[in-house]
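Keep the model open beside the text.

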Amino acid sequence: MSKSIKNIIFDMGNVLLDYDPEVCLDYFLEKEADRAIIRRELFEGPEWEQGDLGRLTDLERFYKVRERVPERLHGALKSCAVDWTMCMRPVQGMKEFCDRQKEEGRRLYVLSNASSSFYNYFPRFADFSYFDGIVVSCDIHMIKPDERIYKYLLEKYQLLPKECFFLDDREENVEAARRTGMRAAVFDGDIEAVKRCISGEDIS
């Protein structure tokens, strides 16, 4: 692998830990019509981003969204708003990949858009101390793809962009990382492709 890459910066959702709201929607609701309401209002509503910006807790998000949801669904809505993290499980093979990168001397960082509940579920992947640095959007009130959040991480940990490789499941976040001078790739579950990118064989 290329020795020019000294730091790997990971997104969290769908890179280190699976993020799939359908898990809790299926668990708490029987009808697709009801799931569609909560999917739209909770997971796709403006309050979700407000949580990632650190302006709402998960419970506060419930109270805001509740105003737009039929009363008969308030119980299920609250369950989804508070217990949505049941879906957050390690992405298969990613911990082994991270272990290998550490063995090869690379430093590992996390740059995540997430609410404060991040600190409750993230240890399902690894202890916080496993990483050389972690930046969570809710703590600094900035979210990807705002280029400022990437620059914040680089400055906080004194990293050179040209020595960093950024991995995220969203194209717009990857493009923003590239604009800051980092090499980057969209993660679609193919860890072998990531290895090729880091080695310099397949960097776009």
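Predicted model: local features only at pLDDT ≥ 70, side-chain atom pairs only at ≥ 80, totals over all residues.

What is the order of its five strands? Reading across, the order is β3-β2-β1-β4-β5. The sheet is open, and the pairing is parallel. Strands β3 (133-136) and β5 (183-186) stand at the edges. Each has a single partner strand, so one side of each is left without a neighbour in the sheet. From one strand to the next, the twist averages 15 degrees.

Two of the pairings can be followed residue by residue. Strand β1 covers residues 7-10, and β2 covers residues 107-112. They pair in the parallel sense over four bridges. Within this part of the sheet, Phe10 stands opposite Val110 in β2. On to the next pair: β2 and β3 also run parallel, and four bridges join them. There, Leu111 has Val135 of β3 as its bridge partner.

Stay with β3 for a moment. In a regular strand, side chains alternate between the two faces of the sheet. Are the residues on the faces of β3 buried or exposed? Gly133 and Val135 lie on one side, Ile134 and Val136 on the other, and all are buried. Both faces of β3 are therefore covered, since buried means under 20% relative accessible area.

Next, turn to the loop between α9 and β4, where Glu163 is found. This residue is buried, because its relative accessible area is 16%, and the cut-off is 20%. Which residues does Glu163 touch, leaving out those up to four places away in sequence? They are Ser4, Ile5, Lys6 and Asn7.

Helix α5 takes in residues 74-83, with Ala76, Leu77, Cys80 and Ala81 buried. These four cover an arc of only 135 degrees around the axis, which puts them on the same side of α5. What covers the buried residues of α5? The cover includes α1, α2 (32-43) and α4 (58-66).

Helix α1 spans residues 22-28, and Val23 lies in it. Val23 counts as partly exposed, at 34% relative accessibility. Setting aside residues up to four places away in sequence, Val23 touches Met86 and Cys87. Val23 and Cys87 are 64 residues apart along the chain, yet their C-alpha atoms are separated by 5.7 Å.

Finally, step back to the whole chain. How many helices and strands does the protein chain have? There are eleven helices and five strands. The C-alpha trace spans about 55 × 30 × 30 Å along its principal axes. For 204 residues, a compact globule would have a radius of gyration near 17 Å, and the 18 Å of this chain agrees with that. Of the 204 residues, 50% count as buried. Among contacts with a separation of 6 or more, 65% come from residues 24 or more positions apart. The accessible surface comes to about 10000 Å², and carbon and sulfur atoms hold 46% of it.

Key. Residues numbered from 1 in each chain as written. Heavy atoms only, no water. Pairing = 2+ DSSP bridges. Helix = DSSP H or I, 4+ residues; strand = E, 2+ residues; numbered from the N terminus. Axes fitted to C-alpha atoms, helices over the stretch in contact; angles between N-to-C directions. Buried < 20%, exposed > 50% of the residue type's maximum accessible area, 1.4 Å probe, protein only. Contact = heavy atoms within 4.5 Å. Rg over C-alpha atoms; globule rule 2.2 N^0.38 Å. Areas by Shrake-Rupley, 256 points an atom, 1.4 Å probe, with all protein chains shown as cover. Arc of directions from axis to C-beta.
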